[in-house]
Amino acid sequence: MFAGFNLSMSETEFEEISSFSLKGEELFNKQKKYVKDTLDKYVNPDGSLDAEMLEEDWFASENAHVFLSHSHSDENIVKKLAGFLFSKYGIKCFIDSCVWGYANDLLKVIDDRYCKTIKNKDGSLSYDYNIRNQSTSHIHMLLNGALAKMINKTECLIFLNTPNSIKIQDITEEAKTASPWIYSELLMATEFPHQELSYYREIEHGNHPTYEFAELSLEYNVRINKLTPLTFSDLNEIRIHNNPIGSLDCLYTNKKLIHSKNIKII
């Protein structure tokens with residue numbers, strides 16, 4: 001990743017990109033297909049999980065310029081944003097929710113095969129708590145690592161900052177999120193070393209009893225102040241249509257991340 005941006009948009013600006021909904025949905029569904037159509041084949045005959053195959057299927061075919069980090073509640077907005085960036089500038093976006101949205105599906109495949117070890121009175125099987133904890137940990141760690149690779153593979157990360165992703169009262173240096181996925185992605189974007197821009201240009205490319213449980217609520221500190229502030233006006237001021245590299249260079253120049261094309265970070 002060369003640069004990370006903290007994007008804030010108004011309700012009016014959200015409406016402005018509504019016309020790109022169909023294109024965004026098309027792009028999202030195409031990306032999601034790599035995930036949905038290949039879930040079952042990740043389990044090897046010996047019962048192990050083929051992590052390398054999963055990463056290759058879900059990520060190798062994605063040659064995106066921008067990684068879009070967002071709250072799952074803002075998925076429809078992000079689809080429109082992806083449609084806008086592609087239609088206007090040719091910028092391809094990787095939408096993280098197409099992966100996390102299918103994490104549970106992959107877990108279901110694994111758990112149905114390897115975690116049903118407790119036999120109920122009616123003869124049905126339930127998941128073993130300890131075994132399922134292991135499968136969940138493996139899947140989440142695997143996907144988190146794969147997303148880290150994807151963030152490193154894209155030129156820049158754009159975080160959509162909304163009340164769904166960041167607590168309203170904390171939109172300062174002490175910003176907090178309830179999402180472990182947003183926390184992880186922003187940790188990578190703000191704490192990991194960034195690449196030179198030239199790096200990317202050179203490689204371009206059943207029935208159970210019901211119980212009541214207390215709701216688990218966690219908050220993670222995220223240093224969004226380390227991301228470059230970005231507005232929808234900044235995106236509209238790029239003015240280089242259907243040229244993803246030129247458009248991104250224009251954005252980096254306007255935000256003073258580079259002096260001009262092919263110049264190192266200031």
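Let's start with the largest pocket, which holds about 470 Å³ of space. A pocket here is an open set of points on a 1 Å grid over the protein atoms alone, with protein on both sides within 12 Å along at least five of seven lines, and lining residues have an atom within 4 Å of a point. The model is predicted, so to speak of local features a pLDDT of at least 70 is needed, side-chain atom pairs count only at pLDDT 80 or more, and totals for chains, interfaces and linings use all residues. Residues are numbered from 1 along each chain as its sequence is written, and side-chain values use heavy atoms, without hydrogens and water.

Of the 23 residues lining this pocket, Ser71, His72, Trp100, Ser179 and Trp181 lie nearest its centre.

Now turn to the sheet. Five strands form an open sheet with parallel pairing, in the order β3-β2-β6-β1-β9 (strands pair if DSSP finds at least two bridges between them). Because β3 (93-95) and β9 (228-231) stand at the edges with a single partner strand each, one side of each is left without a neighbour in the sheet. From one strand to the next, the twist averages 30 degrees. Strand β2 (residues 66-69) pairs with β3 over three bridges in the parallel sense, and Leu68 stands opposite Ile95 in β3.

Notes:
1 Å grid on protein atoms, 1.4 Å probe; cavity = no way out; pocket = protein on both sides within 12 Å on 5 of 7 lines; lining within 4 Å. Points joined across faces, edges and corners; volume = space filled by probe spheres on them. Helix = DSSP H or I, 4+ residues; strand = E, 2+ residues; numbered from the N terminus. Axes fitted to C-alpha atoms, helices over the stretch in contact; angles between N-to-C directions.
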